[in-house]
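Student: I'm new to this one and would like a close look at a single part. Could you walk me through the hairpin and what surrounds it?

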Amino acid sequence: MKILVRLLYLLILLAVLASGMIFTFRNTVEVPLDLFFVQLPAASLSFWILASFAIGGLLGMLFTLGVALKLKTGNVLLTRRLGKAASAQESQEARAS
């Protein structure tokens, strides 16, 4: 079963790479990018589109990282409190016996 899953991942990876190559070869028009105060040199249209897609993905992961760290920190604090509460309950039960 693991071999089939890996084969499926490999096929998906090859399909994504092939579609990216086709996209790159079909969009070779040189386009300068004008960002209000800065004009970037002319590059292929596919470069600008793929670069914006990659930058958007990285920014999304960066913003998600902040939320994930906050949740992980809260989880650690709650786990500590749970451990303290469990040990306090055990000590109370030991005194009651």
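Tutor: Let's start with a term: helices (H or I, at least four residues) and strands (E, at least two) are DSSP runs, numbered from the N terminus. Residues are numbered from 1 along each chain as its sequence is written. You're looking at a predicted model, where local features need pLDDT of at least 70 and side-chain atom pairs count only at pLDDT 80 or more, while totals for chains, interfaces and linings use all residues; side-chain values use heavy atoms, with hydrogens and water left out.

First, the setting. The protein chain has 2 helices and 2 strands, and along the sequence they come in the pattern α-β-β-α. The hairpin is made by strand 1 and strand 2, with 2 residues between the strands. Strand 1 covers 30–35 and strand 2 covers 38–44. The two run antiparallel to each other, joined over 5 bridges (strands pair if DSSP finds at least two bridges between them). You can follow the pairing across: Glu 30 of the model faces Ser 44 in strand 2, and Leu 33 faces Leu 40, also in strand 2.

Now look at the turn. Phe 36 sits in the loop between the two strands. Its phi is near 45 degrees, a positive value in a residue other than glycine. Is Phe 36 buried or exposed? Buried means under 20% relative accessible area, exposed over 50%, and partly exposed in between, using a 1.4 Å probe and protein chains only. Phe 36 has a relative accessible area of 83%, so it counts as exposed.

Ser 46 belongs to helix 2, which takes in residues 45–96. With a relative accessibility of 2%, Ser 46 counts as buried. What does Ser 46 touch, leaving aside its neighbours within four places in sequence? Its contacts (heavy atoms within 4.5 Å) are with Phe 23, Thr 24 and Asn 27.

Keep going along helix 2 and you reach Thr 73. Thr 73 is partly exposed, because its relative accessibility is 46%. From Thr 73 to Phe 63, 10 residues apart along the chain, the C-alpha atoms are separated by 16 Å. Leu 77 is in helix 2 too, and at a relative accessible area of 47% Leu 77 is partly exposed. Leu 77 and Leu 58 are 19 residues apart in sequence, with 29 Å between their C-alpha atoms.

Finally, step back to the whole chain. Its C-alpha trace spans about 80 × 50 × 10 Å along the principal axes. The radius of gyration is 26 Å, whereas a compact globule of 97 residues would have one near 13 Å (taken over C-alpha atoms; the globule rule is 2.2 Å times the number of residues to the power 0.38). Buried residues make up 4% of the 97 residues, and Ser 46 counts as buried. Of the contacts with a separation of 6 or more, 10% come from residues 24 or more positions apart.
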